[in-house]
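Load the model in a viewer and keep the selection panel open. The stops below are meant to be taken in order.

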Amino acid sequence: MRELRGIAASPGTAFAPAYLFVDDYNASIPSYSIASQDVEAEYARFAAAVATAKEEVAALRDRALAEAGADQAAIFEAHLMMIDDPEVAQNVRDGLGASLLNVESVVFAIEQKMIDQLSSSQDAYIQERVSDVHDVVRRILGHLLGRERLSLADLDRDVIIVAKDILPSDMVGMARDRIKGLAMEAGGRTSHAAILARAFRIPAVLGIGPFTADVKPGAPLVIDGDRGALVVDPDETALKKERAAQNLQMLKEKEYAGIRDIPAATKDGARVFLKANIEVPEEVDAVVEQAADGIGLFRSEFLFLGGHIPGEEAQFNAYRKVVESMAGKPVTIRTLDIGGDKVLPELGAQDEKNPLLGWRAIRFCLSKTEIFRTQLRAILRASAFGDVNIMFPMISTLEELIKARGILEEAQWECRSRGYQVRVPIRAGIMIEVPSAALCSDILSKSADFFSIGTNDLTQYTMAVDRGNEKVAYLHDPFNPAVLRLIKTTIDAARSAGIEVSLCGEMAADPYAALLLVGMGMRVLSMSAVSIPKVKSFLLAHTLEEAESIAESVMGMTSSSQVTTFIANRFSL
Ligand code: PEP
Ligand code: MG
């Protein structure tokens with residue numbers, strides 16, 4: 001038995017065999033010269049890989065037709081047509097003869113050319129084909145390179161995933177009911193793998209550091225997402241502990257069910273609105289189940305990360321489903337926040353030296369206005385079905401906000417001219433997640449209808465620390481006085497301007513942080529649905545006066561360790 005420690009990223013425990021997930025596609029594609037007499041043999045390798053890919057896709061199409069319906073099956077039908085395209089085959093043959101390079105590099109070059117052509121199109125439908133090309137080529141290359149194409153979508157048994165890192169796009173499509181836990185070398189509490197694990201209620205331990213090479217496929221594992229521990233080859237005592245933790249969790253859930261319909265407030269009645277963060281529309285059922293006060297953050301980019309770029313109709317249907325399910329409660333849809341660790345080469349995003357400081361979020365949307373306007377139209381059309389707010393991510397200057405609002409106006413006009421009903425006026429707010437925005441929140445408050453503080457990124461950018469890098473995770477701490485001061489500045493600016501301010505970073509899900517924030521003047525918190533009862537029950541047990549006195553003490557402190565020690569003493573942790 002061996003116990004490994006990491007970051008407690010998503011609560012819950014489980015016992016299941018290990019499944020090693022290694023996605024090799026991003027490893028470099030080998031490139032080497034071939035002799036002209038080898039061209040035919042290289043082409044034959046390509047033809048064999050295509051034949052295997054064809055069989056696989058046909059099987060996926062049949063499964064989709066049986067389990068999901070004709071629409072899903074049509075995706076694979078389109079893939080089959082691409083695989084069979086004689087023009088592509090001819091291009092491969094010509095490319096081999098002209099370059100005298102191995103077939104993998106020829107196929108890769110053809111893919112890049114196709115992606116460039118498709119993504120530079122102004123037509124959203126054509127742009128959407130990029131992800132299909134990527135998917136098909138990835139499959140063929142996988143066979144050429146003799147690598148098993150691993151997909152978390154095809155799992156047919158219960159497992160705990162063991163990985164170095166997992167892209168959000170791989171997590172979106174995974175078979176959630178089969179995945180009992182997630183253990184990763186990289187990642188922190190606010191990395192997107194952690195956020196998705198909590199959303200999908202999968203216990204997760206991240207940031208373990210190098211360990212995957214020492215775990216055998218199928219090895220028995222116990223994961224403990226509350227303590228941040230992973231036990232390899234557990235003994236009887238470890239298994240007993242795991243069963244006890246499961247029982248305790250069931251008891252807690254019963255207790256939480258008792259406060260489900262009580263409005264969230266402090267003990268002395270100061271109302272605090274507890275909203276939910278969601279990543280994919282299916283999560284809305286859990287939000288309704290927890291009786292959340294609305295959706296404070298819909299991370300719309302996850303609709304784009306599942307392998308297919310959704311067009312206006314598909315987006316509209318997704319937003320409408322969420323809005324209607326919330327039955328009049330407010331829903332804040334954040335516009336596309338890609339870049340950083342949420343990479344989407346299909347949309348034309350490029351490799352960057354510093355992706356976290358690069359072409360992300362609103363910066364990307366302001367230069368890809370067709371994609372942005374398409375999304376805004378879809379959100380505006382969904383706004384006719386409930387109480388919808390639009391939120392722009394990663395605003396760093398007033399100019400960006402003004403430009404974004406200008407494009408929103410164009411989209412409103414386009415909707416009206418096409419005869420669609422939209423909510424008027426629609427509230428458009430911004431995320432405060434860059435220090436420049438927090439410092440200038442008084443300026444921004446004149447042009448934004450609301451603020452939502454994203455402490456995951458605000459901490460990352462204030463402390464100059466990559467939120468997904470386990471080696472520097474100690475710096476990613478929202479209790480640092482620098483971050484707390486920026487939060488306070490933002491709350492005060494919003495209050496003086498008379499606009500709503502909320503907080504939707506992971507900090508909101510920590511009951512102690514939530515009480516502190518209430519003491520600082522915050523009345524709206526947004527978190528993963530699963531965290532709502534824990535925060536609600538804690539707030540119900542403490543008064544506003546207590547919260548304010550904690551905030552007063554904490555704002556005078558000089559370090560985050562001083563804050564955590566103070567909280568630990570105060571609540572006898
Ligand atoms: C944040 O940065 O705090 C936030 C809520 O956005 P995301 O985690 O999606 O970057
Ligand atoms: Mg963010």
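**Ground rules.** Residues are numbered from 1 along each chain as its sequence is written, and chains are lettered from A and ligands numbered from 1 in the order in which they are written. This is a predicted model, where local features need pLDDT of at least 70, side-chain atom pairs count only at pLDDT 80 or more, and totals for chains, interfaces and linings use all residues; side-chain values use heavy atoms, with hydrogens and water left out.

Next, show distances from the ligand's oxygen atoms:
- to a polar side-chain atom of arginine 467, 2.7 Å;
- to a polar backbone atom of asparagine 456, 2.8 Å;
- to a polar side-chain atom of glutamate 433, 2.9 Å.

Ligand 1 on its own exposes 290 Å², and the protein buries 100% of that (Shrake-Rupley accessible area, 1.4 Å probe). Helices (H or I, at least four residues) and strands (E, at least two) are DSSP runs, numbered from the N terminus.

**Stop 1: α10 against α12.** Select residues 312–325 and 369–382; the two helices pack at about 35°, with axes 8 Å apart (lines fitted to C-alpha atoms over the stretch in contact, angles from 0 to 180 degrees between N-to-C directions). Contact residues (heavy atoms within 4.5 Å) include Phe316 and Tyr319 of α10 and Ala378 and Ile379 of α12. This contact divides into six nonpolar, three polar and five charged residues.

**Stop 2: two loops.** Go to proline 425, in the loop between α13 (398–417) and β13 (427–432). The peptide bond to it from valine 424 is cis, with omega near -10°. Finish at alanine 327, in the loop between α10 and β11 (331–334). Alanine 327 is not a glycine, yet has a positive phi of about 45°.

Notes
A polar contact is a pair of N or O atoms within 3.5 Å; within protein, one must be able to donate a hydrogen and the other to accept it, and residues adjacent in sequence count only if both atoms are side-chain atoms. Ala, Val, Leu, Ile, Met, Phe, Trp, Tyr, Cys and Pro count as nonpolar, Asp, Glu, Lys and Arg as charged, and the others, Gly among them, as polar.
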